[in-house]
Amino acid sequence: MFLTVALGAIALFTNRKPGQTCALIKENLHVRILIVSLLLPVLAILIVEALHGNVVANTLDSPVRFLLAIVVFLGLRRIAAILPRWVDLTFCTGAICAALMAWYSTADLFAARAESSFLNPIHFGDIAVLLGILSVVSIHWFSHDKPWIVGLKILGAASGCYASWASQSRGGWIVLPCLLVVWLLWRDQAFSKARRAGIAVVALALLASTFSSQVVRDRFEAIRVDLVSLSAGNADTSTGIRLELWKAAGTLIAKRPLLGYGAHGYHDAMPAMAASGELTPQAAELGKGEVHNQILAYAVDYGLLGLISILGVYVGPAIFFIRSARIRRARVENRAALMGLMTAVSFAVFGLTVETFNLKVTVAFYATMLALFAAIAYPVDSSEDATPAGR
């Protein structure tokens, strides 16, 4: 799907005027920041693995999605003004579908935690809650929505929260107050204070309903129990294993801070760490799958360059969206910038407790959303179309 979108964007991109893309990049610092930040992951992995003498193809699979996102952004921004007005309904549709999947997973398949055939409970819950938030933020985005559309988008927000609740993924719950803060601090609002207050009330209601749930309280109580167990010497709990894996990552980073360990370095270090007693056998076995922290994962395998590249994937788009909102103040562009910033913040929070870019589905989702929001937040304007080819 993502490749199809990328190929379509390439077809659009070929219709540009000569020199237009170079002028865009040369004259706009925030565009350069976005493009460089999306280029960094694949470059970092290639450089570090080449220095280690072991370039592994499957480690490049996910970062290439960020590379394709650049092409998608440059292509889609040419048609941002003529995108179908129903684009904003895709978020609520996705959230409602996630809720139906969550219901089917738990009620019909009797799964303990909601998931899908291609997403585990953590990633499923994370993406569902983000779609729900984007659904409510998209109210009156392209035009003044009719009451039934407003209701549908609010239903999408509730559905996303329900799917997240059913997944029992704490990362998705933690991101809710973070996104509310982002929304409240967003200065360039193109809508009235009354409307802003109304959406804030809905957001607060969703927050209250989520955190008042017994399931949510039990999941956070489990963290306290795990920490007590860890202090008593039992590290083989959900929270304890994560903390031990992060501690192991810190130990590995301290040994090779510049170039890291190369492709699958953390995975390959697990047997030795278990044998030395630095990790329990259960923690080491789970560590072969992931570090449970996206930043640490890149820092261990790819060193300083990997750390810079993964931080750039979050910070670079955030800078782009904040700057775009200051340049393009129209409602559509401003709201797209806000939703793009929310997407970047969400994945930064998600990545604190789970690796989000080791799955093609999640990295493609993030890259596609960034490209879409970036194209709408900073579309081609009349002055850019008039730019001479030799400029």
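Predicted model: local features only at pLDDT ≥ 70, side-chain atom pairs only at ≥ 80, totals over all residues.
1. Start with the space itself. The second largest pocket holds about 490 Å³. Its lining is made of 24 residues. Look for Thr59, His264, Asp301, Glu355 and Asn358, which lie nearest the centre of this pocket.

2. Now see where the lining comes from. Helix H4 (61–76), helix H12 (265–275) and helix H14 (294–327) are the elements that each give two or more residues to the second largest pocket. H14 provides the largest share of that lining, with five residues.

3. What classes of residue line the second largest pocket? The lining has nine nonpolar residues and nine polar ones.

4. Turn to the helix pair. Two packed helices are described by the angle between their axes and the distance between the axes. Helix H5 spans residues 89–108, and helix H7 spans residues 147–167. Their axes come within 7 Å. They cross at roughly 40 degrees. H5 and H7 are therefore oblique to each other. The crossing of H5 and H7 is left-handed.

5. Which residues make the contact between H5 and H7? On H5, they include Leu89, Cys92, Ala95, Ile96, Ala99 and Trp103. On H7, Ile149, Leu152, Lys153, Gly156, Gly160 and Tyr162 are among them. By class, this contact between H5 and H7 has 14 nonpolar residues, four polar and one charged.

Methods: Residues numbered from 1 in each chain as written. Heavy atoms only, no water. 1 Å grid on protein atoms, 1.4 Å probe; cavity = no way out; pocket = protein on both sides within 12 Å on 5 of 7 lines; lining within 4 Å. Points joined across faces, edges and corners; volume = space filled by probe spheres on them. Helix = DSSP H or I, 4+ residues; strand = E, 2+ residues; numbered from the N terminus. Nonpolar A, V, L, I, M, F, W, Y, C, P; charged D, E, K, R; others polar. Axes fitted to C-alpha atoms, helices over the stretch in contact; angles between N-to-C directions. Parallel < 35°, antiparallel > 145°, perpendicular 65-115°, else oblique. Left-handed = near helix turned anticlockwise from the far one by under 90°. Contact = heavy atoms within 4.5 Å.
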